[in-house]
There are 2 protein chains.
Amino acid sequence: MLSKKTKYAINAMLFLAKRKEHGPVLISSIAEEQNIPQKFLEAILLDLKNAGYLNSKKGRGGGYYLIKDPEEVNLAEIMRLFDGPIALLPCVTYRYYERCEECKDEETCGIRDVFLQVRNETVEKLKASNLAQIIDRESELGEN
Amino acid sequence: MLSKKTKYAINAMLFLAKRKEHGPVLISSIAEEQNIPQKFLEAILLDLKNAGYLNSKKGRGGGYYLIKDPEEVNLAEIMRLFDGPIALLPCVTYRYYERCEECKDEETCGIRDVFLQVRNETVEKLKASNLAQIIDRESELGEN
DNA sequence: ACTTACTCTATCGGATTAGTAGAGTATTCT
DNA sequence: AGAATACTCTACTAATCCGATAGAGTAAGT
C-alpha cells in the first residue's frame with residue numbers, strides 16, 4: 001500500500017500542476033484544500049523541492065510552485081522518492097538491488113521471474129501516468 | 001516489499017510441496033534447510049495450517065505436511081494471508097475495499113484506474129504462479 | 001523594522017516487523 | 001502407565017517505521 005506521504009505528495013503535485021501559471025501557492029492553501037496536516041506537508045514539499053520538482057519563494061507572496069513540466073513527472077518517481085523501490089523483492093530492483101538473504105540460489109529461484117515481470121509491468125504503467133495525463137483523465141471523468 | 005514472513009511461508013510451502021509423498025516433516029528440518037528461525041517458523045506454519053493449507057501430526061514421527069494440491073496454492077493467496085491486500089490503494093481492492101480518506105471524489109479520481117490496472121495485472125500473474133509451476137520452473141532453471 | 005512564509009531540529013505515540021522464551025498439550029512408542 | 005517427541009499457545013521484546021506536532025530559526029519582501 002502507498003504511504004500517506006506518497007498520496008499527499010501526489011495530491012500536492014497535482015494541485016500545483018493545475019496552478020502552474022498562477023505563481024507560488026502557500027503551504028497553508030495546499031494543506032487546506034487537499035486536507036493534509038500542514039506541518040506534515042511542509043516536510044513533504046521540502047523533499048519534493050530537494051528532489052528538483054518544486055521551488056519555493058519566501059516572504060510575502062511566496063509559496064511553492066512546480067518547476068518541471070507536468071508531462072515529465074510520473075507516479076513511479078514520486079512513489080520511489082517516498083516509499084522506495086516499487087518491486088516486491090529486493091533482487092528484482094534495478095537501482096536498489098540486494099540479494100534476498102534467505103534465497104539459496106538466485107539463478108534457480110522459482111519465484112524471481114514472476115516478481116520481475118510484475119515489477120516491470122507495474123513500473124511501465126506508473127511511468128505512463130504523469131501529472132498532465134492524470135489531470136486530463138480527471139476532467140474527462142468529471143464530464144460524465 | 002514482501003515481508004520475511006511471506007517469503008518464509010513461500011519457501012516452507014515449496015519445501016513441503018516437494019516432500020508431499022514423504023509424510024510429515026519436522027519443523028526443525030524445515031527451519032534448518034530453509035534458514036528460518038525455528039520459533040518464528042512455528043507461528044507461520046500454524047497460520048498456514050489454520051488457513052487450510054497444511055496439517056500437522058503430533059508426537060514421534062510427526063511434523064507438518066501439505067494437504068492441498070500444489071497446483072491449487074498460488075502466490076497471491078499466500079501473500080494476502082501474511083501481508084494483506086496486494087493493491088496499492090485501499091479503494092482498488094475487492095475484498096478489503098475502503099475509501100482513501102484524503103480522496104475528494106472517487107468518481108473523478110485521476111489515479112484510481114492506473115492503480116486498478118496495476119492491481120489486476122499483478123494479481124493475475126501471481127495467481128498463475130502456483131507451487132507446482134514454481135517447482136517446475138526451478139528444475140528447468142537448474143538444468144542450464 | 002516588521003511581517004510573512006519557508007526551513008530545520010527535535011520529539012512523540014502508536015503500529016508493525018522480526019524474533020525469543022517458556023510453559024502447555026497432544027500423540028505415540030516402549 | 002510413563003517417557004519422549006513434537007506441535008501449540010501466551011507473553012514479551014527490540015528495532016524500525018509511520019504519521020504527526022512543536023517550536024525556534026532564517027530568508028525575503030514592504
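Is the crossing of α1(B) and α2(B) left-handed or right-handed? In this predicted model, where local features need pLDDT of at least 70, side-chain atom pairs count only at pLDDT 80 or more, and totals for chains, interfaces and linings use all residues, the crossing turns out right-handed (the near helix is turned clockwise from the far one by less than a right angle). Residues are numbered from 1 along each chain as its sequence is written, chains are lettered from A and ligands numbered from 1 in the order written, and side-chain values use heavy atoms, with hydrogens and water left out.

The two helices (DSSP runs of H or I, at least four residues) are α1, residues 4–18, and α2, residues 27–34, both of chain B; they pack at about 115°, axes 10 Å apart (lines fitted to C-alpha atoms over the stretch in contact, angles running from 0 to 180 degrees between N-to-C directions). That makes α1(B) roughly perpendicular to α2(B) (65 to 115 degrees). On the α1(B) side the contact (heavy atoms within 4.5 Å) uses B:N11, B:A12, B:F15 and B:L16, and on the α2(B) side B:I30, B:E33 and B:Q34.

As for the chain pair, 41 residues of chain B touch 41 residues of chain A. About 3,700 Å² is buried between them, 62% of it from carbon and sulfur atoms (accessible area, 1.4 Å probe, lost on being put together and summed over both parts). B:M1, B:E102 and B:K125 lose the most area in chain B, together 18% of what that side buries.

There are 8 salt bridges between the chains (a side-chain nitrogen of Lys or Arg within 4 Å of a carboxyl oxygen of Asp or Glu). B:K125 also pairs up with A:E121 in a salt bridge, at 2.8 Å from N to O.

Key: Angles under 35 degrees count as roughly parallel, over 145 as roughly antiparallel, 65 to 115 as roughly perpendicular and the rest as oblique. Buried area is the accessible area (1.4 Å probe) that two parts lose on being put together, summed over both.
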